[in-house]
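I opened my notebook and had a look around this one. Here is what I looked up, entry by entry.

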Amino acid sequence: MSQYRTFTAADAVEYARQFGGIENPDSLISAQEIGDGNLNLVFKIFDHEGSSRVIIKQALPYVRCVGDSWPLTLERARIEAEVLQIHGEFCPDHTVKILHYDPVLAVMVMEDLSSHAIWRGELVKGNDYPQAAAQLGSYLAQTLFHTSDFYQHPHQKKADVIRFTNPELCDITEELFFNEPYEEHERNGYPRALEPLIATLRTDDELRRKVAGLKHRFLSNAEALLHGDVHSGSIFVATGSLKVIDAEFGFYGPIGFDVGSVLGNLLINYCALPGLLAPREAAAAREQRLNDVRTTWQSFAEGFLALAAEKTRDRALAYPGYAAAFLSKIWRDTLGYCGTELIRRTVGMSQVADIKTIGDEAMRIECVRQAVTLGRTLILAADNIDDVVALIARVRQNG
Ligand code: SR1
Ligand code: MG
């Protein structure tokens, strides 16, 4: 029985030869470590012709971007592999395939996605993938409906809530989304010029109570098996194709958290575009992003309602009108979590390339200001923004 050890490139090649499911395993000869996320090692494994064939991902026993002063459970690799397997069962077209998982080494082997690119990088460059939003809405509808009480047997659901209890990773989200941006905290980072605006996040009582409500629902509303960190950096796109990866933050939580995380990242890109592209291109890309927001929500909402009409197993939840009423609750949550994502990605620890890539300082400050004010508005006004058309009108009003 092997013991945990951190992989070198040579270990990754050897492992891929054994577990990559490649017909001619000896053709695999080299590996490149490509992990640019906050937590893990990720190796691309190449054959003798220089083609990349599979991906090896290994969880480290600490937060990679901080170091061993922040230990982190290896159990997250199991959660990630099993969430992706379940999501893949219900949405095979848009979930990365897990070919093999090893609990001792905290390693998984995944299908190679070299023909795809990380969506965030493409959004930063202004590249549009017009199908992506509808595909992502469909992924959200399929995965969240089929793991909810509408569809799961109540015994299975309760067992799965236990199986996917993910305290250490949830703790990161609980701190980074709902606490730190609203406190003076050493992990926060934002332009000094915005101190007066950021100070209002700490002192606005109504905002703090709304954020408390969002955190409370995150802690206690076990509505479906969430991805838990679904943003443009955990999504691969290609022409006509979209694949979701990186589900280590998965747990049973409020459906609006996943949907709001997606919309929040699209809207961060919207806010950042004037700093990333020339004015005419930025204006066009902003319209595409608003289309993406509209399409993602509509595709999710229509998909969820269609599945509820067709496949709800719980007799009480099948009562006519209940699914639509529940969808309104998801919408309010979506707006709130979208707001917290806008704020935590611009004020808190995990800042994103959309903003960091902006070279001009004054422009970067203006983009952050827009993202923070939009986030604040969405959290405060969630009960008064009735649909996605009203959301888009609010975004336009914000600047
Ligand atoms: C310490 S981990 C920080 C962030 O990186 C992950 O991708 C999640 O978004 C998390 O919040
Ligand atoms: Mg991730």
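Before I start: I call a residue buried when its relative accessible area is under 20%, and exposed when that value is over 50%. I also jot down that this is a predicted model.

**Entry: Leu176**

I looked up Leu176 and found it in helix H6, which covers residues 167-178. Is Leu176 buried or exposed? Its relative accessibility is 6%, so I put it down as buried. Next I checked what Leu176 touches. Leaving out residues up to four places away in sequence, I get Pro181, Arg187, Arg344, Met349 and Ser350. I also looked at Glu341, which sits 165 residues away from Leu176 along the chain. The C-alpha atoms of the two are separated by 9.5 Å.

**Entry: helix H8**

I moved on to H8, residues 205-220, and did a quick length check. With 16 residues at 1.5 Å a residue, H8 should span 22 Å, and its end C-alpha atoms are 22 Å apart, so the two agree. Then I asked myself which residues of H8 are buried. My list reads Leu207, Val211, Leu214, Lys215 and Phe218. They cover an arc of only 100° around the axis, so they are on the same side of H8. On the face turned away from that buried side I found the exposed residues Asp205, Arg209 and His216.

What covers the buried residues of H8? Among the elements I noted are H6 again, helix H7 (195-203), strand E12 (251-253) and helix H9 (255-276). Helix H11 (322-347) and helix H13 (361-381) are also part of the cover. One more detail, at the start of H8: a side-chain oxygen of Asp204 comes to within 3.1 Å of the backbone nitrogen of Glu206.

**Entry: the largest pocket**

I wrote down a volume of about 1200 Å³ for the largest pocket. It is lined by 48 residues, and the closest to its centre are Asp36, Gly37, Asn38, Gly233 and Asp246. H6 turns up here too: it gives the largest share of the lining, four residues. Other elements that supply at least two residues each include strand E2 (40-47), strand E3 (52-59) and H11.

**Entry: the largest cavity**

How many cavities of 30 Å³ or more does a search of the whole structure find? I got one. The largest cavity holds about 30 Å³ of space. Its lining includes Trp119, Leu136, His231 and Asn265. H9 supplies the largest share of that lining, three residues.

Terms used: Residues numbered from 1 in each chain as written. Chains lettered and ligands numbered in written order. Predicted model: local features only at pLDDT ≥ 70, side-chain atom pairs only at ≥ 80, totals over all residues. Heavy atoms only, no water. Buried < 20%, exposed > 50% of the residue type's maximum accessible area, 1.4 Å probe, protein only. Contact = heavy atoms within 4.5 Å. Expected span 1.5 Å × (residues − 1). Arc of directions from axis to C-beta. Polar contact = N/O pair within 3.5 Å; in protein donor to acceptor, adjacent residues only side chain to side chain. 1 Å grid on protein atoms, 1.4 Å probe; cavity = no way out; pocket = protein on both sides within 12 Å on 5 of 7 lines; lining within 4 Å. Points joined across faces, edges and corners; volume = space filled by probe spheres on them.
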